[in-house]
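Hello,

Here is the structure I promised to pass on. My notes on it follow below.

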Amino acid sequence: MSVRVGKAAEAPTFAQAARGMLGNAQLRHNVRHATDVIRARRAHAVGETADWQQLRDSARAIKDHVLRHLDTYLEQFETACKAAGGKVHWARDADEANTAIVDIIRSHGGTEVIKVKTMTSDETGLNPALEAAGITPIETDLADLIIQLGADKPSHIVVPALHRNKAEIRRLFMEKMQLPELGERAEDLAGAARRYLRERFLRVPVGLSGANFAIAESGSLCVVESEGNGRMCLSLPKVLVSLVGIEKIIPTFGDLEVFLQLLGRSATGERMNPYNSIWSGVTAGDGPQEFHVVLLDNGRTGVLTEPETRPTLACIRCGACLNICPVYRQTGGHAYGSIYAGPIGAILTPQLQSMKHSQSLPFASTLCGACYEVCPVKIDIPEILLHLRNKVVKSGGAPLAERLAMRFAARAFKNGGRLESAQKLVRIAQKPYVHSGSIERLPGMLANWTQFRDLAAVPAESFRQWWAARQNKEKK
Amino acid sequence: MSAAPLDSKQEILERIRKAVDSVGNRAAEYAAIPREYRREGAMAAEAKMELFAARLYDYGTSVYRCTTAQIADAVAQALSARRRTGIVVAHGVPASWLPENFEFVEDDGLSYTALDASNGVLTGCELAVAFTGTIILRHGPGQPRRAVTLVPDYHLCVVRAQQVAETLPEAIRRVEEFRSTPLTTISGPSATSDIEMTRVKGVHGPRTLDVVLVS
Ligand code: SF4
């Protein structure tokens, strides 16, 4: 059994990686511009939803409930999916999942597979496994196509090519699609992708997807998307394989009424994303006539073990916590060394690897609490970060001063009961090692970030107030 | 005697059982989940139709409002505005919706290539959601195939007043009985936000979506 999260185990520490990113002005500009746009749109879409907080409460309650009864719901899902004509495979780790998928494709003599964005397949390293087996994966999500053509790495969980601007994408398309001419508008680039992929959609007989939700009672999957590449991969091929993390379960079809209201607004700031596909098994005369689901553990059951960290598995991968995070906005996604970037990546990546790798990630945060405020399933990321820091420190992964600081924080945490806000806690935690003047120099300091120093970056005033003031100053 | 090694399924389930304390009445717990969000709409019929139309406009969709007797005329108007002389007709579309002097091709299992070469598709729908400007298609016997509503570059959809729910929860409850057949929700034409986070219309799905809204 070996858990793999992309290449996270080989990645440099966050601080090392972040240093490189901070030197890249173009990248920082691209990330900031894109996250500014999406944040404004999200704020608008959330603002017009009067019952937003109630939706968040329900979403979280549903997820908590599922996680407590995950065994039962998974078996229910399997039974219903089989009854609808689907086949269900269980994979303990990345290699088991990849092997199952390769075997299915091989049994059909397939040499190509069309893929709709699935981060879980990035997690298991499926593409290299397919290639090693002589199967060509064709990424069809526009951003994934940009990444694939550019031999690049994803930097955001919803918009993986967010670090690339229009001009860069245009140059890439012209070169890789061999287009002597291509317009400069975003529409022209989208049109180029349409032409490039259309023939493949109509021809390739095997499709591969992930899922946003797996519905226990009906054995259905739901895929949320915008471009229609998802619908293409899900409904045109003869054979469909879906790789699904075991935490994607929701109990009933009716629960979609909560999650579908939250996801689009949080992810792209739309009232509803253009397309959702929901299906169960196979349907005579419509869509793939052979359907497989691979249910993946790959470290998830380990995350389940501790009640403190369990909410990590409630994540619906909307990306809102990345867009709001002052650290992510400075460093971009690549610094996290994992396909899961930003605040959620900082808690998920090390946990999936049983805290054996990526130990610097829980420190890649200022604990300002903004991620918790925007999270549609109310994951208290700062609290989980502190818990994980504590574990790293306890296991001897951090220097003495930090160890003391963490212990101090832990005690305060215990005695103080559940603290109202992470900021309060952080102000306590940082006391033993506030570096003089460090706060005025945060962006500069980030450049010199040593692995475990970032706790000091939280001022006595709210970090967000300080940050807002600083941003305003910068703009002037 | 040593126990046989667990297979993957057993081992995963075992790990879950060890990790969580799943005692307690699951059904009762589920029923007790708080649902304080809006589950019923409160709008009058006409206001709801206007909201739906406004949301569609926001997505760049043209909306033709008409009465039941005028559906064929509205279809003709939409096709002419898009310079279409003919279109594929999906399962479930009544003959009364089809105007004269246009060429309609029944979908009797057209190949993907034929759909790709077509001028678009005319369908009905199962339901719609005013608040989000969403159309819900149901597939399966007697309903449009998924490919038919996807491969053509133009989708003209007829939505009747009684199919429009105000909120998503109301719509989900109404389609619940079809939860085991494929469903597609459509909110505006195909789009992407992948290039600098700006919504760009028209990637792989139909680049143009028009709606005939019948009251
Ligand atoms: S942790 Fe919350 S905000 Fe972040 S991606 Fe997951 S659901 Fe979205």
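First, a term: buried means under 20% relative accessible area, exposed over 50%, and partly exposed in between (1.4 Å probe, protein chains only). This is a predicted model, so local features need pLDDT of at least 70 and side-chain atom pairs count only at pLDDT 80 or more, while totals for chains, interfaces and linings use all residues. Residues are numbered from 1 along each chain as its sequence is written, chains are lettered from A and ligands numbered from 1 in the order in which they are written, and side-chain values use heavy atoms, with hydrogens and water left out.

Over all chains, the whole structure holds 41 salt bridges (a side-chain nitrogen of Lys or Arg within 4 Å of a carboxyl oxygen of Asp or Glu).

In chain B, B:R15 pairs with B:E11 in a salt bridge, with 2.9 Å between the closest N and O atoms. The two sit four residues apart in helix α1 (residues 8-19) of chain B, about one helical turn; helices here are DSSP runs of H or I with at least four residues, strands are E runs of at least two, and both are numbered from the N terminus. B:E11 is partly exposed at 21% relative accessible area.

B:D153 and B:R207 form another salt bridge, their closest N and O atoms 3.0 Å apart. B:D153 lies in the loop between β6 (134-138) and β7 (154-160), and B:R207 in the loop between β11 (200-201) and β12 (208-214), so the pair ties together parts 54 residues apart in sequence. B:D153 is partly exposed at 22%, and B:R207 is partly exposed at 34%.

Best wishes
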